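Here are a few friendly notes to read alongside the model. Please keep the view open as you go through the points.

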Amino acid sequence: QVQLVESGGGLVQPGGSLRLSCAASGSIPDLYVMGWYRQAPGKQRELVALITSGGTTNYADSVKGRFSISRDNGKNTVYLQMNSLKPEDTAVYYCNLRNSVIGYRYDYWGQGTQVTVSS
């Protein structure tokens, strides 16, 4: 099993910044992709950003230019730097780890951390 622990969420004013962290522990696979998803009440969970072991990143159009994902492979940790936050960014943000070992693809999820953007 893999456990994911998120931190860094909170209340911030529009235009402000937050940095989310997600640390993985347990039976961590040799190869994995980590990312961030978010879900607002009544809406479907959506991909925010992901990063591969090779450093390739992918962002939702709504956050491009504002958010930045990074990864510390040595610490099995992924970060999401969120700048120029907007009220529509308000959601529960979930950390995801995908086992990339061939034949063992599986997704693990954190409990989520609340991000609220409001004045």
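1. A word on burial to begin with: buried means under 20% relative accessible area, exposed means over 50%, and partly exposed lies in between (1.4 Å probe, protein chains only). By that scale Thr77 is buried, at a relative accessible area of 7%.

2. Please bear in mind that this is a predicted model, where local features need pLDDT of at least 70 and side-chain atom pairs count only at pLDDT 80 or more, while totals for chains, interfaces and linings use all residues. Residues are numbered from 1 along each chain as its sequence is written, and side-chain values use heavy atoms, leaving out hydrogens and water.

3. Now look at the open sheet: four strands in the order β1-β3-β8-β7, paired antiparallel. Strands here are DSSP E runs of at least two residues, numbered from the N terminus, and two of them pair if DSSP finds at least two bridges between them.

4. β1 and β3 (residues 18–26) run antiparallel and are joined by six bridges. Ser7 has Ser21 of β3 as its bridge partner.

5. Back to Thr77, which belongs to strand β8 (residues 77–82). Beyond neighbours within four places in sequence, its contacts (heavy atoms within 4.5 Å) include Cys22, Met34 and Asp72.

6. Finally, find Ser53 in the loop between β5 (46–51) and β6 (57–59). Ser53 is partly exposed, with a relative accessible area of 38%. Leaving out residues up to four places away in sequence, Ser53 touches Tyr32, Arg71 and Asn73.
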